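Here is a friendly briefing on how some side chains pair up and pack together. Have a look at the sequence and the model first, then read on.

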Amino acid sequence: MDASRTSPTIDVYATADGAFAAVAGELAGLLRQRARERRRLVLGLATGASARGVYVALRREHAQHALPVTDVESFNLDEYWPCDPASRWSFRAFMRRELFEPLGFDPGRIRIPDGRVAAAAVNAHCLEYEQRIRA
């Protein structure tokens, strides 16, 4: 995650919590660095058990030292289909509960694929979503 690294490294942790805390620490550092530089940060975010551990660690870090998320734009990697975003099973609801609301993300900067898209429009929706990520 550290942009200053010239070659990939492998870090090994004794526990999953240790790994989650390390990833959250790197993300927190990047958030602070970009805020100091007044630069936007774009995050690609996942859901699931592993990601949840990182989000729990980020919430802890945020509770201790408010993390600057004003200029963060996020793109989630997936969503269930078909799925209403209000469903407690949707990734949108998961992310809102686990990360976005606790850290105060700007809802206008949150991007998650739409699980309500009609079957005939799924391909076009996915292509448009990928274009937004590239942009």
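Arg 32 is partly exposed, with a relative accessible area of 26% (buried means under 20%, exposed over 50%, partly exposed in between, using a 1.4 Å probe and protein chains only). This is a predicted model, where local features need pLDDT of at least 70, side-chain atom pairs count only at pLDDT 80 or more, and totals for chains, interfaces and linings use all residues. Residues are numbered from 1 along each chain as its sequence is written, and side-chain values use heavy atoms, leaving out hydrogens and water.

**Salt bridges**

- The whole structure holds 11 salt bridges (a side-chain nitrogen of Lys or Arg within 4 Å of a carboxyl oxygen of Asp or Glu).
- Arg 32 pairs with Glu 61, their closest N and O atoms being 2.6 Å apart.
- That pair links helix H1 to helix H2, 29 residues apart (helices are DSSP runs of H or I with at least four residues, strands are E runs with at least two, numbered from the N terminus).
- Glu 73 forms a salt bridge with Arg 40 (2.9 Å, N to O).
- Arg 111 also forms a salt bridge with Glu 73, at 3.3 Å between the closest N and O atoms, and both of these residues are buried.

**Nonpolar core**

- The largest nonpolar core has 24 residues, and Phe 100 is one of those that touch the most other members (such a core is a set of buried Ala, Val, Leu, Ile, Met, Phe, Trp, Tyr and Cys residues joined through side-chain atoms within 4.5 Å).
- Helices H1, H2 and H3 and strand E1 each supply at least two residues of this core.
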